[in-house]
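Here is a short note for a colleague who is new to this structure. Please keep the sequence and the model open while reading.

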Amino acid sequence: MRISRSSRWSTAVGVLFCAVVMVMLPDVSAKRFIVGGNMGWTSNVNYTLWAGNQTFYLGDWLYFVYDRNQNDVLEVNKTNYETCNAEHPLHNYTTGAGRDVVPLNVTRDYYFISSKGFCYGGMKLHVHVINLPPPQAATVKSHSSRFTAVKNQLFISLVVAVAAIWDT
């Protein structure tokens, strides 16, 4: 099958456009945090230490994984967080499946507890959500993220595809 010259040009332009768009995409995206890491939302986990090792940005998600028969996820205010008072939660994220997602869609402090008595043993979480940092100017030697590596691989693949189409 012979491809016409105008068809090759339009394909090449389309592929080049896609490549430019891919290169221009920002390197930052929302992240889903499994609360407590491999341990999940359970007793005997230091959630203060866990949260202290994370940076939470606007648009990220908290993913609570727990035994639905023993725990729940309540968002409370700071005072109720400090006293483990679950009487007037701001929000009950417990869906009954033991797999609950909380969108961090406002820059503020979030406070979560389990109301089943484990809060007194430390089953509570405080996260501070901040805005994404502004994009940094390109530097001579920058650390490449996984997303940047994927973009570079896609760009190279697109260039090879254009060359292959052009050659036929």
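Are Cys84 and Cys119 buried or exposed? Both Cys84 and Cys119 are buried. Please keep in mind that the model is predicted.

1. The disulfide. A search of the whole structure turns up one disulfide. Its partners are Cys84 and Cys119, with an S to S distance of 2.1 Å. A disulfide is a covalent bond between the sulfur atoms of two cysteines. The angle about the S-S bond is -75 degrees, and the link of Cys84 and Cys119 is left-handed.

2. Cys84 sits in the loop between helix H3 (78-83) and strand S5 (91-92). Cys119 sits in the loop between S7 and strand S8 (124-130). The two cysteines are 35 residues apart, and the pair links distant parts of the chain.

3. The salt bridge. The count comes to one salt bridge. Side chains of opposite charge can pair when their charged atoms come close. Here Arg108 pairs with Glu75, and their closest N and O atoms are 2.8 Å apart. Arg108 lies in the loop between strand S6 (99-103) and strand S7 (109-113), and Glu75 in strand S4 (residues 74-76), so the pair ties together parts that are 33 residues apart in sequence.

4. How does each partner stand? Glu75 is buried, with a relative accessible area of 3%. Arg108 is partly exposed, and its relative accessible area is 32%. The cut-off for buried is under 20%, so Glu75 falls within it at 3%.

Definitions and conventions. Residues numbered from 1 in each chain as written. Predicted model: local features only at pLDDT ≥ 70, side-chain atom pairs only at ≥ 80, totals over all residues. Heavy atoms only, no water. Salt bridge = Lys/Arg side-chain N within 4 Å of Asp/Glu carboxyl O. Helix = DSSP H or I, 4+ residues; strand = E, 2+ residues; numbered from the N terminus. Buried < 20%, exposed > 50% of the residue type's maximum accessible area, 1.4 Å probe, protein only. Disulfide = S-S within 2.5 Å.
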